[in-house]
Amino acid sequence: MKRSMAALASAGAIAAVVASMIAGAAAPAVAAPKSGDEGRIKNVIYLLGDGMGRTHVTAGRERFYGAAGRLNMETMPAQGYVQTYAIQKNSGQPGQPDFVPNLVTDSASAATAWSSGVKTYNAALGVDGKGQVVPTVMELAKKAGYRTGNVSTAEITDATPAGQMTHLLARGCQGPVYSAKSCQDTQITGSELPTSDIRVVPAAKQIARNGTADVIFGGGLSRFDAADEQALKDQGYQVLGSAASQTVASADELQAASGDKVFGLFNKGNLTVEKAKQDHPDTAEAKEPKLAELTQKAISLLDGKGAKGNGFYLQVEGALIDKRSHANDAAQTLEEIKAFDDAVKVALDFAKADGHTLVIVTADHECAGFNIIEKGSFTNAEAANPPVNVDSGNPANNSTPSRPGGNTKDPSRSTGIVNGAGSADPHNFAPATFRTPDDAADVADGSPEASLWLTYLSGNHTGADVPIYAYGSGSDKVQGTIENTDLFGIVADALRLR
Ligand SMILES: [Zn+2]
């Protein structure tokens, strides 16, 4: 069933009134504008935890700051939720007659939503649901004289960072060695496109040549080749490490970097997860810069150098929250949430001192149905006979799990706590347990005594709304429930791009 444009418009109008009432009732504390500039926003720092759902935030808080604590992102005054759904291939936009939603998004369609303000199909970057190229807010900011930066712990050609800097029918088209097939999508275009069409030019080729981001930090060096490195140098980029020799950038090079345009990739693939760095401190990978350090350096390279008095637009992605959630690795997921939140603190500290910076923190989608369960309990997946749904649409809600033989755990489905003795068993559906700062000093991770019990529903994305937090002038737009496509307008308006 399709909703009419009129229904959408009136629903939108009501939502706007409600939002303004809410915003009026609880106006967030915003840094006072500095003299003569009337709160003008010069900079936007947009941070996202890939795959970071509401429970990821709660679990991160409890793990690192205790039950009564707060992550840095949770201290931000404006808070709300983001609708993350995508659309099917060849679908129109919401409100159009040919609108067909896809309720679970991937990172590509989500990145396109906030980068370009359109819903698109999963795997699409910088094109709408029908494959038409749409401009990105980073491209518009660059054109308007802002400095621009793009930082990620993933390969920089991966969907989230690439969403601001490329236009692709298929996110797998990354480079340099690729099959032409991975770049084409004839379901969208009807026939194969010539290789000169931007929509089938690999992400690395586009990023190395279009100058969309002045500062590029992340992983994915193996996506780039000698010709890409030369193209970057021809545009004046200071290249840390070398694509030609496949030498990754080092933390020392990062510290010394001082160019207006800097390109540094610190791993051939994704950056190394923080827990692996902690567990193996003597490896080369352990010396890779943390996301907070990359964020700090990017801000210092971008700040105060925009044309026409303009500032900068910086996107920062904590990518490995998602990648480790896909793997149902709670220990690594938690450390990635902490590393991302530490980068949020860097952005917030800058914004508070600056007074002209809007900071937005959100996610693209939830990943893996992360759950906090009661200490000492077990999941349905571990049960001898997982319960059937006995709700049956009856208005009298009766969803108490009914198990023949009682509420018992099946040892063949659960051999113990997954980050404890049972961790090697692939059939183990058990929770992973973690100590928190509230636990007694002798309580260990992976023990039944630890208070934080975590489980996963699946190894894939879910359709849950994600949280959003904002600080600074313009943060009042980030209240209540918004569409991921609204983020395009919120940033574009903050930077006066439309
Ligand atoms: Zn994912």
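**View 1. The side chains of His 365 and His 461 are joined by a polar contact of 3.5 Å.** In this predicted model, the side chain of His 365 also makes a polar contact with the side chain of Ser 107, at 3.1 Å. His 461, the partner of His 365 in the 3.5 Å contact, is itself one of the protein donors of the zinc ion, through its NE2 atom.

**View 2. The zinc ion has Asp 322, His 326 and His 461 as its protein donors.** Because the four donor atoms subtend angles of 54 to 143 degrees around the zinc ion, the arrangement is irregular.

**View 3. Along the chain, the donors of the zinc ion follow the spacing D-x3-H-x134-H.** Asp 322 belongs to helix 13 (residues 320–326) and His 461 to strand 15 (residues 461–462), so this pair ties together parts that are 139 residues apart in sequence. Asp 322 and His 461 are both buried.

**View 4. His 365 sits in the loop between strand 10 (357–363) and strand 11 (366–367).** His 365 counts as buried because its relative accessibility is 0%. When neighbours within four places in sequence are left aside, the residues in contact with His 365 include Asp 50, Gly 51, Met 52 and Gly 53, together with Thr 84, Thr 105, Asp 106 and Ser 107.

Key: Residues are numbered from 1 along each chain as its sequence is written. This is a predicted model: local features need pLDDT of at least 70, side-chain atom pairs count only at pLDDT 80 or more; totals for chains, interfaces and linings use all residues. Side-chain values use heavy atoms; hydrogens and water are left out. Donors are N, O and S atoms within 2.8 Å of the metal (3.2 Å for Na, K and Ca); water is not among the atoms, so sites may look incomplete. Four donors count as tetrahedral if all angles lie between 85 and 135 degrees; four count as square planar and six as octahedral if opposite donors are over 155 degrees apart and all others between 65 and 115; anything else is irregular. Helices (H or I, at least four residues) and strands (E, at least two) are DSSP runs, numbered from the N terminus. Buried means under 20% relative accessible area, exposed over 50%, partly exposed in between (1.4 Å probe, protein chains only). A polar contact is a pair of N or O atoms within 3.5 Å; within protein, one must be able to donate a hydrogen and the other to accept it, and residues adjacent in sequence count only if both atoms are side-chain atoms. Contact means heavy atoms within 4.5 Å.
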